[in-house]
Amino acid sequence: GPQRNETRRKLRPLFEAFAKKRAQNLTVFYLGLSESDLREIHLFLEEVWQNKLAAIFIGDVTNSLDDFLREWSIEKVSATVDDFLTASDDFSPSMDLVATNSARRVIQVADMGRDEKGELVSEPGKLLFLEIPEKDYQPISRAGNLLLVGDLQLQNLDRNPRDFLIGHRVTFPEIRGNVAVERDAFSAYLETIRKRLLNKRPQLLAIPSQPGAGASTALRWLACQIAYELNIPTLVLTTGGNIAFEAIERLHSLVGRSFVVVADPAEVPADDQMGIQSRCAPPRYPVLFLTSRRVFKDPGANEDMPFLKMTLSTREKIGLLERLDRFCPGTSLGRLYKSPTDSLFLLTLEAFGGENIRLEHFVKDLMIEATQSQRLLVAAIAFFSRYAHRPCSLDFLQIMTGKHADELENDLSQFDQLLLLSESEGWSCRHEELSRGILQYHLTETVASP
């Protein structure tokens with residue numbers, strides 16, 4: 001992070017000067033927070049110990065580092081960069097008179113392993129950890145985006161909103177700039193979150209959403225509303241593991257009250273989310289985890305967390321078309337107003353004809369959940385739509401599979417209104433571009449590179 005780079009920039013010439021003056025091979029490690037850092041350091045430690053050299057580790061103590069320090073019996077002293085530089089100056093012999101305890105201890109450790117003539121002695125090299133704490137926001141920023149009231153960097157759009165409207169993930173300035181359409185279900189989600197935050201313990205809320213219904217946009221919209229309207233600190237994770245958990249620890253110590261952590265499954269896998277949540281349970285952090293889960297069928301009435309459908313209400317559809325008119329001049333709105341579809345994905349597809357839209361990934365997300373027999377059915381319907389230009393009848397599907405009509409209806413129901421459309425004459429693919437993606441995935445089990 002920026003703070004650690006600045007520490008390295010300031011301290012490196014001082015240690016180089018000190019090593020030269022003492023004729024001492026001084027090994028200095030600047031620790032990060034990843035497990036790979038510790039693995040690399042383990043490789044060096046045996047050499048350091050064997051050659052009786054001094055090693056000084058500089059960083060910020062975290063839970064993952066505590067075990068490492070105990071394992072190797074590494075002594076720990078604390079300092080700040082400025083205090084250490086003031087005391088160290090150029091490591092002159094007279095510096096002991098003004099040195100802080102931490103700086104003096106560094107010199108003592110660096111001198112271990114050699115006698116007064118500079119010859120190696122039998123005593124093993126001494127290991128020291130010099131703790132230079134980072135500011136809380138530095139490790140938090142490594143884990144994701146921290147949204148707080150007063151953050152002015154989100155006021156201006158950071159790109160052409162057309163990028164979002166043709167299928168790319170929404171940015172926070174676009175949320176703040178009202179580029180994304182507020183779905184009808186969002187207000188219910190926000191009210192549920194507000195109530196749950198009164199219960200100061202670790203909790204989980206998951207938005208049930210159809211694939212392609214805009215769950216990622218919903219999570220980011222809610223994050224902005226929670227942070228800027230409800231004035232609740234909100235961390236939007238972009239990674240998991242120890243980095244994410246340390247950020248949550250720091251955020252809890254920083255704010256001392258309830259806060260929200262948003263984890264999009266597209267960025268933080270479900271297993272990672274579960275691990276982070278379980279680690280927050282023993283200390284009972286007052287954190288509300290907000291995520292989404294993919295659901296093909298409406299799970300039933302839920303007033304707190306209603307099902308986020310792919311189909312738009314009349315108000316939502318008008319809102320989308322207004323934004324297309326504002327941010328994408330030249331789009332044929334008349335055709336879209338007359339379009340029979342209310343699907344968010346298909347309206348976007350019709351507006352831009354597949355331009356830069358991650359259509360193949362949308363198809364893959366649906367097909368990967370299907371059985372082999374379901375994939376065959378969907379591919380057959382896509383083939384009829386693309387090359388025969390007519391619906392695929394149930395009679396043909398029965399002959400092909402040997403299944404009864406009700407079994408076929410059950411197999412195809414999870415794709416209805418998403419990839420397929422049930423018509424009086426049979427089943428059709430919902431869009432020509434979808435038929436291409438379906439056939440490609442069925443034949444190769446791969447998707448085109450974006």
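How many salt bridges does the structure hold? The structure holds 10 of them, where a salt bridge is a side-chain nitrogen of Lys or Arg within 4 Å of a carboxyl oxygen of Asp or Glu. Please keep in mind that this is a predicted model, in which local features need pLDDT of at least 70 and side-chain atom pairs count only at pLDDT 80 or more, while totals for chains, interfaces and linings use all residues. Residues are numbered from 1 along each chain as its sequence is written, and side-chain values use heavy atoms, with hydrogens and water left out.

**View 1. The whole protein.** Let us start with the overall picture. The secondary structure comes to 20 helices and 11 strands; helices (H or I, at least four residues) and strands (E, at least two) are DSSP runs, numbered from the N terminus. Of the 450 residues, 47% are buried. Here buried means under 20% relative accessible area, exposed means over 50%, and partly exposed lies in between (1.4 Å probe, protein chains only). The protein exposes about 22,000 Å², and carbon and sulfur atoms supply 49% of that area; accessible areas come from the Shrake-Rupley method with a 1.4 Å probe, and for residues only the protein chains shown count as cover. Take the contacts (heavy atoms within 4.5 Å) between residues at least 6 apart in sequence: 74% of them join residues at least 24 apart.

**View 2. Arg315 meets Asp184.** Side chains of opposite charge can pair when their charged atoms come close. In this view, Arg315 and Asp184 form a salt bridge whose closest N and O atoms are 2.7 Å apart. The pair links distant parts of the chain, 131 residues apart: Arg315 sits in helix α13 (residues 314–327), and Asp184 in the loop between α8 (172–176) and α9 (186–196). Arg315 is partly exposed, with a relative accessible area of 45%. Asp184 is also partly exposed, at 40%.

**View 3. A network around Arg220 and Glu267.** Here Arg169, Arg220, Asp264 and Glu267 are linked in a network of salt bridges. Between Glu267 and Arg220, the closest N and O atoms are 3.2 Å apart. Glu267 lies in the loop between β8 (259–263) and α12 (270–280), and Arg220 lies in helix α10 (residues 215–228), so the pair ties together parts that are 47 residues apart in sequence.

**View 4. Lys403 and Asp411.** This salt bridge brings an N atom and an O atom to 2.7 Å from each other, the closest such pair between Lys403 and Asp411. Lys403 is partly exposed, with a relative accessible area of 22%. Asp411 is buried, with 13%.

**View 5. A buried lysine, Lys317.** Helix α13 also holds Lys317. With a relative accessible area of 10%, Lys317 is buried. Which residues does Lys317 contact, leaving aside its neighbours within four places in sequence? They are Leu312, Leu336, Tyr337, Ser339, Thr341, Asp342 and Leu347.

**View 6. A sheet of five strands.** Strands of a sheet pair through backbone hydrogen bonds, either parallel or antiparallel. This open sheet of 5 strands has the order β5-β7-β8-β9-β6, with mixed pairing; two strands pair if DSSP finds at least two bridges between them. β5 (144–147) and β6 (203–209) stand at the edges with a single partner strand each, so one side of each is left without a neighbour in the sheet. On average, neighbouring strands are turned by 20° against each other, direction ignored. Helix α10 packs on the sheet, touching β5, β6, β7, β8 and β9 (287–294), and its direction makes about 160° with that of β9. For such angles, axes are lines fitted to C-alpha atoms, for helices over the stretch in contact, and the angles run from 0 to 180 degrees between N-to-C directions.

**View 7. Strand β7 and its partners.** β5 and β7 (residues 234–237) pair in the antiparallel sense over 4 bridges. Leu146 stands opposite Leu235 in β7, and Asn145 has Val236 as its bridge partner. β7 and β8 pair in the parallel sense, over 4 bridges, with Val260 in β8 as the bridge partner of Thr234. Thr234 and Val236 point one way from β7, Leu235 and Leu237 point the other way, and all are buried.
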